[in-house]
Amino acid sequence: MRVDLITREYPPEIYGGAGVHVTELTKALRRDLRVVVRAFGQPRDEVDVHSYGVPPQLADANPALGTLGVDLEIAQDVAGADLVHSHTWYANAAGHIAQLLHGIPHVITAHSLEPLRPWKAEQLGGGYRVSSWIERDSFASADAVIAVSHGMRRDILRSYPFLDPSTVSVVHNGIDLEAWHPVRDADLVRSLGIDPDRPSVVFVGRITRQKGLPYLLRAAAQLPPEVQLVLCAGAPDTAEIMDEVRHLVGELQKTRTGVVWIEEMLSQHDLSAVLTSATTFVCPSIYEPLGIVNLEAMACGAPVVGTATGGIPEVVDDGVTGRLVPIDQADDGTGTPLDPQRFVDDLARTLIEVVSDPELARSMGQAGRAWAERDFGWERISKRTQEVYRSLLP
């Protein structure tokens, strides 16, 4: 069997969870079948990996049109595959067109949904309407849709009620447990501006509306003065949200020490050391289909304080591997807390409870590592994905 896997992100160009998922899934699938990766970006020298840049004629066009240009070139090259598997709306059009052009099944793995990210209109303008159209039509014609969590599956069926529920299955995201493990290196942590002898709350993520960073920054003002806030945060969606985050960080730094902002992307080893040193990891997202970063933190032995939304409750076992923060959200697709101050206060209260009991935090971190080992290994995820493939082929 030859599967052509289409993705915007692939090493060395990875900036989010979808790219991590595709990278690890490809490695696991290749133990059993041939996988040809067709990715956006600069040329790569890996066997069976092909790269595609935006056509020169569309270099200055709306990014959604540039994406379509890449997708058309990819769809042509899929000829000869038995099945095509696309990840995120950026790749969905290529998968859909390849399905029509070559008469092969199209599988979509949903890592997010355009109807639940309306703030992307700030970034794409009218291109957001284009990306929403691509996603909707691709989902409608897909032979199978894979959700990365049960929460994501519910979101898919709510957003696209025309789908046959029997075609939408759940295959969780995973974690490379050999690559992600505790790294105890106090000198390295100090070199990044973090005091390993002080309690710390660590955030890792892109600066987007869905990650909820402004809520965390407001909650951090309530943390005990000895607690550090470590932000591994970059790649802002828009200048506006970057300005908001810079202002909130600046206000925090006026009133407390230990506010550490690391904007550059850390190596896996360095990030593992930061996560291992954390008293707790925090995921304040208002939209999160699962959150691979939560699994990465757990694999490094950090407890996770996360919002009780999307797929996060499927990763964080409340009171065992971390804590869940309640949230009442608007149903208009934004995920905005109905009572933002209450969410901020609940987030602060929960973080304080965890950082104030280091023994409990340590035991939850150990339980998180054990849970990741049991339920989120890539071999298991590869087998489940192959079951979906086989169900579509003669």
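**Close-up views of a predicted model**

**View 1. The largest nonpolar core and the residues at its centre of contacts, F139, I156, L275 and F281.** In this predicted model, the largest nonpolar core holds 55 residues, and of these F139, I156, L275 and F281 touch the most other members. Helix α11 supplies the largest share of this core, namely five residues. When neighbours within four places in sequence are left aside, F281 is in contact with a series of residues, among them V202, F203, V204, L275, V293, A297 and V305. In soluble globular proteins, nonpolar side chains tend to be buried together.

**View 2. The open sheet of six strands, with parallel pairing.** Read across the sheet, the strands follow the order β10-β9-β8-β11-β12-β13. Because β10 (259-262) and β13 (322-325) stand at the edges and have a single partner strand each, one side of each is left without a neighbour in the sheet. On average, and with direction ignored, neighbouring strands of this sheet are turned by 20 degrees against each other.

**View 3. The pairing of β8 with β11, and the helices that pack on the sheet.** Strand β8 (residues 200-206) and strand β11 (residues 280-283) run parallel and are joined by two bridges, and V201 stands opposite T280 in β11. Helix α11 (residues 292-299) packs on the sheet, where it touches β8, β11 and β12 (304-307), and its direction makes about 175 degrees with that of β11. Helix α12 (residues 340-355) also packs on the sheet, touching β8, β11, β12 and β13, with a direction that makes about 165 degrees with that of β13.

**View 4. Helix α8 (residues 213-220), which is mostly covered.** Seven of the eight residues of α8 are buried, and these are L213, P214, Y215, L216, L217, A219 and A220. The elements that cover the buried residues of α8 include β8, β9 (228-234), α9 (239-255), β11 and α12.

**View 5. Helix α3 (residues 89-102), largely enclosed by the rest of the structure.** Ten of the 14 residues of α3 are buried, so the helix is largely enclosed by the rest of the structure; the buried residues are W89, Y90, A91, N92, A93, A94, G95, H96, A98 and Q99. At 1.5 Å a residue, α3 should span 20 Å, which agrees with its end C-alpha atoms being 20 Å apart. The helix is followed by G103, whose phi is positive, near 65 degrees.

Notes: Residues are numbered from 1 along each chain as its sequence is written. This is a predicted model: local features need pLDDT of at least 70, side-chain atom pairs count only at pLDDT 80 or more; totals for chains, interfaces and linings use all residues. Side-chain values use heavy atoms; hydrogens and water are left out. Two strands pair if DSSP finds at least two bridges between them. Helices (H or I, at least four residues) and strands (E, at least two) are DSSP runs, numbered from the N terminus. Axes are lines fitted to C-alpha atoms, for helices over the stretch in contact, and angles run from 0 to 180 degrees between N-to-C directions. Contact means heavy atoms within 4.5 Å. Buried means under 20% relative accessible area, exposed over 50%, partly exposed in between (1.4 Å probe, protein chains only). The expected span of a helix is 1.5 Å times one less than its number of residues. A nonpolar core is a set of buried Ala, Val, Leu, Ile, Met, Phe, Trp, Tyr and Cys residues joined through side-chain atoms within 4.5 Å.
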